[in-house]
Amino acid sequence: MENITSTLIFFVNGKKVVETKADPRWTLLYYLRNKLDLCGTKLGCAEGGCGACTVMVSKYDYVKKSPLHMSVNACLCPVVSIHGCAVITVEGIGSTKTRLHPVQERIAKNHGSQCGFCTPGIVMSVYAMLRSLEKTPDESDLEIALQGNLCRCTGYRPILEGLMTLTTCDKISNGCSMGNKCCMKTKKIENDTEDNMSSSSEFLPYDPSQEPIFPPELVLTKEYDEEYLIFRGKKTTWYRPTSILELLELKYKYPYARIIVGNTEVGVEIKFKNCQYPVMIQPNKVPELNVIKKCIKGILVGAAVTIDKLENELKKLLDIMPDHKIQIIKSILEMIPWFASKQIRNVACIAGNIITGSPISDLNPIFIAARCQLKVQSKKNGIRFFKMDKTFFTGYRQNALQPDEVVIDLFIPFTQKNTFFKSIKQSRRKEDDIALVNAAFYVEMSNNIVKDAELVFGGMSATAVIAQKTKSLIINREWSESLLDDVYLELLKDLPLTSNAPGGMVTYRKSLVLSLFFKFYHYVSNKLSLKMIDEYNLSNGINAITHISKYAQYYHIDPNSQDPDDAVGKPLVHKSAIQQTTGEAVYCDDIPRRSDELYLAVKTSTYAHAKIISVDYTEALSQPGVVTIVDEKDLPGSRNMVGVMPIKDDYVFAREKVVNFGQIICGLIAVDPITAQDAIKLIHVQYEELKPIITIENRANRWKKRGIAAVPTMYGIGFSGDSTFLNQAGALILVYVDGSVLLAHGGVEMGQGLHTKMIQVASRALGIPTELIHIKETSTDKVANASPTAGSFSSDLNGMAVLNACEIVKARLEPIKKRSPEGTWAEWVKTAYFEKVNLCASGFYA
C-alpha cells in the first residue's frame, strides 16, 4: 500500500476534475448537478430503472490499447468509483450554441421528445452505443441500447423511427422497420408530398471522427489504476485495494463491509431501505477478480467481471466450440438480454448477483442447475470451494459464506453429449423487468431415459429452489408425454405457496411453474425429434431473440388546398425539442441554487387510515445542519387547506389523522438534501390504526373482500360544477416593425406541444409562416389570472384567446391590406407602424 491517495480525479466533457473532499455517499449524478452545475442529466427514479440519468463513462483498456465506452446510470454510480475515468454528459456532445450531435438532431426533428425529461438519457444511451460498437448498429443494437430508458409521454415510435436512420436498417428501407413491405414502397399509401420525417438525407450524417477524444492523460499513465484509494465521508469510508492480499486484509478488519462493483443493489438499499454501510470496498482493480479463462472443463469467471463483459466473452465461444459443450453458455447468453438493462449490465458483476441472493435472480437458477462452483477466500481460513446447490443459499438473501470471506471466481462447466439445458423467465414485460417466476432445467439422457437432472425455480420460495422430489421422480423415467402429469403433481408438492405468499398471484405463479417445465419438455422433445400428441399451437420460441418493434404512423396532408404558410395540421417540431435533446431545457429542479438556499424533506404516513397519537422531533432536530421543522401548527385554520379553487378540501400537512398512505405529516428543513433526507428518518410518529371501510363492507357480507378497486370510465373535458369560471383564457400578441411576432398566453408548456399549437393558430390567423412567430414563456406579468393548464382543455381555451388577439390585430391591418393587396406581411406592418396603428392586442376567450 505504497501508493495511497484520497484525491478523486476524473474527466467530465474533456475537463479534468480534482476533488479533495469526495464523500462516498455522493453519486455521480449528485456531483454533476450540484458540484459542476451540469443539469442536463436528470434525477428520475433514483434506482436505475428509468434511464433519465444516463451518461457515458469511459476507461482505458491497457490490454486492448483502446478506451472502453459504456452507458451508466449516474443515479447509482458512486462518484468515487470513477477515479481515472472520463465522463461524457449530454452537454458534452452538442448544444444550440455549437452544433447538434446527430443523435440529438434525429430525436428532436423526428418528434422524439414531448416533456423532454427523459430525452437526455435516451440521447446518451444511443450515443454510448455508437461509441462502443465497432460497426454500424442494427435494429437489435438500438433496442438493446434503449432497454433501460423509459419514456412515459412521447411513445417509442418517433424515437425509434428517427434513430433508425443511424442503423443498417436505414440503408435498406429508409428508416421503416417494415423493410421492403413498407407501404411507401408497395404504394398502398399515396402521398405526393416530400414529407418523409425519417429520411437520413435530412439529417447530419454520423461521423465517428468528430467525437470528443479520450483524455490523453488517461492513456499515457496507469497511475490512476494502480492507486490504493481511501475516501472518508461523514458516515462512510470507501476503500479501493489493488491486490488480493489488500482486499482480504480489509475484509478481515471489516468483515461486514459491503463489496461494491456496480452499486446497483446496495445503492437501492441505501436510498429506499434506509440501510447504512460504514465501510465499502471496491475490488475492480484486483486482477484475480477480473479474469475470464477458458479451461478444459469449463469457464472460470472472476467475481468482479461485469454481466456485459461476460456476455461479450461467452459469445466468442459460440463459433469455436461444439454445440453439445456449450448448452449452459448458450442458456446464459439467452438470459442476459433480459437481465435488467444495458446500463445495469455494464456495471453489475457476477458475484454481486450471486451474493445478493434474490429469489428472483435471473442467473442464480442457471448457476445452480449447472452445478457451478464458487471459489471464496479469507485471510483467516484461506481458500474454500462451494458447489451452488441446495445448501448454498440458507435463507432470504442469505448464504453459507462467512462474513470475512470474499468470492474470487465462479466456475461454469461445459456440458457433455446427450445433455440438455435451458433457462426460461416469465415477467410482466420482457425487457428490464424482474421475474415473476423463472427456471433453469438440466437433463442427461441415454436412449430417451433420464439419467440425471436438475430443476431449479426462482420466485417460488425465499431462495432459488431445487424441485428435489420432482428430480427424483423423473430420473430413470422415459422422456415421453406420460411423464408430464406425474411431474405436474410433484411440482405442486415440491413448490407450495401459501395464499399470503410475498409477491401475490399465487395461483398464477403455480401455473407458471407447470408451464415453464412444459416449455422445457417441448424443447427437449424437439431436440430428440419426438412427436407430441397435440403439437398444434405450440411455439418453438423460448426466450426468443430480441423482438424488433414494428410501428406505423398515419396522417393526412392535402398539399393542394392548404396555404404554404398555414401551419395548422402540419407535423411541426415542437419548440422545446432541441433544448430538450441538448439538456438545455430548464426544469424546476434545474433552477440555479441560491448561496443561502435550504432544502425540505417530507415525512409521510406509513398507514392508510390512522389517528396521529404523537410526533417526536427531538432526535431529528439534534442533527447538525437541521434548521427547523414545519407542520400543521405553522398553518393554523384554513391556511392548512389546499385544493382547486374554490374548493379547498385537502390538507397541506395531516391534522389529527391520516387518510392515505404517503400523506404528508411534516417537513424538515436542512442545509443540504442529504442532511434533510437522513434527518427525516429520525422523526418518530406514533399511530393508532383505524379500521378501513372494507372491514365495515365484510361484516355484512358472506364473502370476505381483500381490497376495493375503482376504475373511472369517464373523464370530463374542461372544468365543471363550481369551477366553470375557470373556463377562460387570455393571450397577448406583440407585432414588431420588422414583421416578427411575440406571443404570450396563459397556458403552461409541459411537453404536450401547447406552445407549438399556439404558434400554429397564430400562423393561420395572421397568414404568416411560423418562423416569424415566437413564444414567451407563461408569466403573470404578461397574461394575468390564468386558469390551470388541466382538463385536456388548454389548447382549446388558449388557442381561442390567441385567435381573438390575432383577429384584433388583423382587423387593424385590414384597411392597409386593401390599399396594397399585393404587399407582404412585413410591408403591411411597417406601413401600420408609420400610420400609428396599434400592433399590440390582448385576446380573451370564455
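**Notebook: cores, surface and overall build**

I began with the largest nonpolar core, which holds 99 residues, and I noted that L28 and F367 are the members that touch the most others in it. I keep in mind that this is a predicted model, and I read each entry below with that caution.

I then looked up which residues L28 meets once its neighbours within four places in sequence are left aside, and I found V55, V57, A74, C77, P78, V79, I82 and V87 in contact with L28. As a general reminder to myself, nonpolar side chains tend to be buried together in soluble globular proteins.

Next I turned to the protein as a whole, where I counted 26 helices and 33 strands. For burial, I noted that 49% of the 846 residues count as buried. When I took the contacts between residues at least 6 apart in sequence, I saw that 68% of them join residues at least 24 apart.

For overall dimensions, I wrote down that the C-alpha trace spans about 100 × 75 × 70 Å along its principal axes. Why did I compare the radius of gyration, 31 Å, with a compact globule? I did so because a compact globule of 846 residues would have a radius near 28 Å, and the value for the protein agrees with that.

I noted 98 positive and 91 negative charges, whose mean positions lie 4 Å apart.

Definitions and conventions:
Residues are numbered from 1 along each chain as its sequence is written. This is a predicted model: local features need pLDDT of at least 70, side-chain atom pairs count only at pLDDT 80 or more; totals for chains, interfaces and linings use all residues. Side-chain values use heavy atoms; hydrogens and water are left out. Helices (H or I, at least four residues) and strands (E, at least two) are DSSP runs, numbered from the N terminus. The radius of gyration is taken over C-alpha atoms; the globule rule is 2.2 Å times the number of residues to the power 0.38. Buried means under 20% relative accessible area, exposed over 50%, partly exposed in between (1.4 Å probe, protein chains only). Contact means heavy atoms within 4.5 Å. Lys and Arg count as positive and Asp and Glu as negative; His and the chain ends are not counted. The place of a charge is taken as NZ of Lys, CZ of Arg, CG of Asp or CD of Glu. A nonpolar core is a set of buried Ala, Val, Leu, Ile, Met, Phe, Trp, Tyr and Cys residues joined through side-chain atoms within 4.5 Å.
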